[in-house]
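Student: I would like to learn how to read a two-chain model. Please take the features in turn, with the general idea before the case.

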Amino acid sequence: MIDPITGLGIVALMGALATIAGAAEDLESDVGSQSNPNSQVQLAAQMDFPHRIFNKAISGEPPAYGLWCATGATVASVLLAQNMSVIFAIAIGSLAGAILLGLFSVTAHMGRTASQKRFKQPIYMDMVIGHVPSIIAHGFIAVFCIISFSYIMDHVLSHPFPLPLLAFLWGITAGAIGSSTGDVHYGAEREFQNQPFGCGLNAAYSGNIVRKAESGLRNGIDNVWACAKFGGPVTGLALGFTVFFDNWRSTVFSGVNAVIAGLIIVLILILANRLVEVQGRKAYGPFKDEDGGAETA
Amino acid sequence: MSAVEGGPASGGLPPNKVIAIGVIGGLAGIYLTMLNQTFNTTIFSVMGGIGSIFAVVWGADAVRRVCSYGLGTGVPSIGMVALGMGIVAAIFGLILPETGILQIPAILGPVISFIVAALIGLVIGLLSNKILNMNIPIMEKSMIEIAGAGCLVMMGLSASIAGSFAFNDAILPSVVSTGYIALVFIGGAMTILHPFNANLGPDESQYRTLYVAVEKAAIIMVIAGFASLTAIDAVSAALTMLVGLLIFLVYFNKFMKSVHREAYKVVGTGLLPSAEELE
């Protein structure tokens with residue numbers, strides 16, 4: 001049993017790793033438009049809006065991150081079993097996971113674009129060459145941090161699950177948080193930057209995403225530049241808090257007390273969410289268009 | 001996605017042929033790992049991985065057929081369902097002869113798993129159509145196929161890591177306790193769901209989708225081969241990785257060629273198509 005102060009330090013370290021992982025995970029999904037915002041990228045070409053935005057329809061983020069992290073952790077466990085140093089084993093494992101992510105990105109983008117032949121969406125090879133390394137790089141940071149805190153959980157906090165299983169579960173969690181938190185910033189705001197703020201997505205605007213940048217044509221790298229200012233960090237914070245609070249309660253309390261502490265944390269979060277929502281509604285109210293009056297759903 | 005909604009998938013290999021390839025290839029691969037025990041070696045573990053590729057092709061084709069009815073965002077979910085059903089059935093079938101509750105020879109394990117998977121698939125298919133009213137004409141048949149394929153992929157990859165499909169002696173210590181089962185589960189699910197999801201669109205073609213299935217199954221086989229380093233000897237593990245890598249290279253190349261052939265155009269770089277071009 002480790003002493004409480006060291007325990008809290010370890011939990012804080014895990015929270016920090018998870019924050020970096022969450023931010024990198026969300027930004028990686030923004031480079032390639034994975035998950036929810038992808039449906040508008042897919043729709044754009046079909047609505048006669050051909051574009052130069054990467055269409056990375058691998059699958060939802062949770063199963064995808066489950067696979068990258070499970071792969072990375074499997075490779076790392078094999079290397080650890082051969083007595084390799086921990087940092088090297090996790091780094092090589094994460095590299096394997098990130099390269100797998102790159103391979104899936106290539107088939108997803110090229111396959112989907114080829115299947116849009118009748119809408120005359122060309123495949124730009126410079127996009128594949130330019131975006132995939134950025135996807136692999138962001139993916140590597142995310143997978144490395146997730147496997148690292150899973151390793152700490154497994155070997156320092158003595159979690160009963162083996163490393164690949166823990167990394168798999170945390171990968172799914174990271175994907176789910178990235179998909180629910182960060183996607184809003186990219187999908188609702190960046191993709192539809194040309195619409196008035198808060199107007200909602202009218203069906204007539206479906207697929208009419210912003211395709212031109214400050215200079216030239218917009219691509220995934222421009223999107224990640226914008227999302228790195230808010231969506232990515234917020235996702236990181238969400239995953240960081242999840243990992244920190246979850247481990248904090250089981251480090252400080254034990255047995256039934258830990259469960260009660262968990263329930264109290266969830267209750268406080270629900271109340272806080274409700275307060276923010278009510279305050280937001282009071283401050284901004286329903287959307288009114290510029291001519292005044294007409295409310296949209 | 002509108003253009004792909006509401007109709008049966010068409011073209012290329014007929015469904016029954018793919019089913020035959022998947023069932024026979026998958027089961028044969030799993031059973032051929034028994035040569036390991038016969039010849040007292042682990043070199044035949046590679047057969048489990050090859051069997052899983054056949055099963056993935058079948059699973060991906062079944063996903064393609066059922067998802068052509070406009071499932072859209074449901075494609076990833078259906079892959080997860082496949083391995084969810086498959087993994088329960090696989091473990092049940094492999095463990096049943098070893099518990100001694102029923103007098104069944106252990107060699108029948110994979111077949112029992114396969115039948116149980118089909119039954120679970122049937123129940124899920126009936127629930128989706130009759131209770132959730134999804135009303136997809138081929139739902140029951142597809143769920144049986146997807147569960148069966150998921151179960152074969154799970155057994156094939158496990159056998160290639162452990163060198164045998166005996167549950168208590170091989171799969172439990174080298175796949176379940178080590179946690180590699182996470183890779184087998186999510187790797188199997190992603191290889192079944194990704195090919196159709198990656199090629200979704202009105203101009204999707206069966207060959208291109210199945211090329212992705214083979215290529216992705218091969219890359220998971222490479223990782224399974226790497227994981228098997230802790231269970232079987234290095235030469236056998238290297239063989240699994242090498243064969244997987246070769247299959248991956250061949251089919252990735254085929255996929256790239258078919259993309260270059262079938263896309264509207266493949267350009268190095270360029271501006272967006274002009275308004276006249278889009279007319």
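Student: How many residues of chain B are in contact with chain A?

Tutor: This is a predicted model, in which local features need pLDDT of at least 70 and side-chain atom pairs count only at pLDDT 80 or more, while totals for chains, interfaces and linings use all residues. Residues are numbered from 1 along each chain as its sequence is written, and chains are lettered from A and ligands numbered from 1 in the order in which they are written. Two residues are in contact if their C-beta atoms, placed from the backbone, lie within 7 Å. By that test, 46 residues of chain B are in contact with 46 residues of chain A.

Student: Which elements of chain B each supply at least two residues of the side that touches chain A?

Tutor: Elements are DSSP runs numbered from the N terminus: helices are H or I with at least four residues, strands are E with at least two. On the side of chain B that touches chain A, at least two residues each come from α4 (74-99), α8 (181-199), α9 (206-227), α10 (234-262), β1 (266-267) and α11 (275-278) of chain B. The most come from α8(B), with eleven residues.

Student: What is the make-up of that side of chain B by class?

Tutor: Ala, Val, Leu, Ile, Met, Phe, Trp, Tyr, Cys and Pro count as nonpolar, Asp, Glu, Lys and Arg as charged, and the others, Gly among them, as polar. The side of chain B that touches chain A has 28 nonpolar, twelve polar and six charged residues.

Student: Do the strands β1 of chain A and β1(B) run parallel or antiparallel?

Tutor: Two strands pair if DSSP finds at least two bridges between them. Here two bridges join β1 (residues 123-124) of chain A to β1(B), and the strands run parallel. In one of these pairings, I123(A) has V266(B) as its bridge partner. In the loop between β1 and α11 of chain B sits G270(B), which is in contact with P122(A) and Y124(A), leaving aside its neighbours within four places in sequence.

Student: Is G270(B) buried, exposed or partly exposed?

Tutor: A residue is buried if 20 or more other C-beta atoms lie within 10 Å of its own, exposed if 12 or fewer, and partly exposed in between, with C-beta atoms placed from the backbone. G270(B) has 13 other C-beta atoms within 10 Å, so it is partly exposed. G22(B), in helix α1 (residues 15-32) of chain B, is buried because 26 other C-beta atoms lie within 10 Å.

Student: What does G22(B) touch?

Tutor: Not counting residues up to four places away in sequence, G22(B) touches F54(B), A55(B), V57(B), W58(B) and A149(B). G22(B) and W58(B) are 36 residues apart in sequence, yet 4.9 Å apart in space, C-alpha to C-alpha.

Student: Which elements do the buried residues of α8(A) pack against?

Tutor: They pack against α1, α5 (125-155), α6 (163-190), α7 (220-227) and α9 (256-284) of chain A. The buried residues of α8(A) include G231(A), L239(A) and W248(A).

Student: Where are S35(A) and N83(A), and what is the phi of S35(A)?

Tutor: S35(A) is in the loop between α1 (4-32) and α2 of chain A, and its phi is near 70 degrees, a positive value in a residue other than glycine. N83(A) is in the loop between α3 (61-81) and α4 of chain A, with phi near 65 degrees. S35(A) is buried because 28 other C-beta atoms lie within 10 Å; N83(A) is exposed because 7 do.

Student: How many helices and strands does chain A have?

Tutor: Chain A has nine helices and one strand. Of its 297 residues, 50% count as buried.

Student: What is the average pLDDT of chain A?

Tutor: pLDDT is the predictor's confidence in each residue, from 0 to 100. Chain A averages 90, and 97% of the residues score at least 70. Over residues 293-297 of chain A the pLDDT is below 50.
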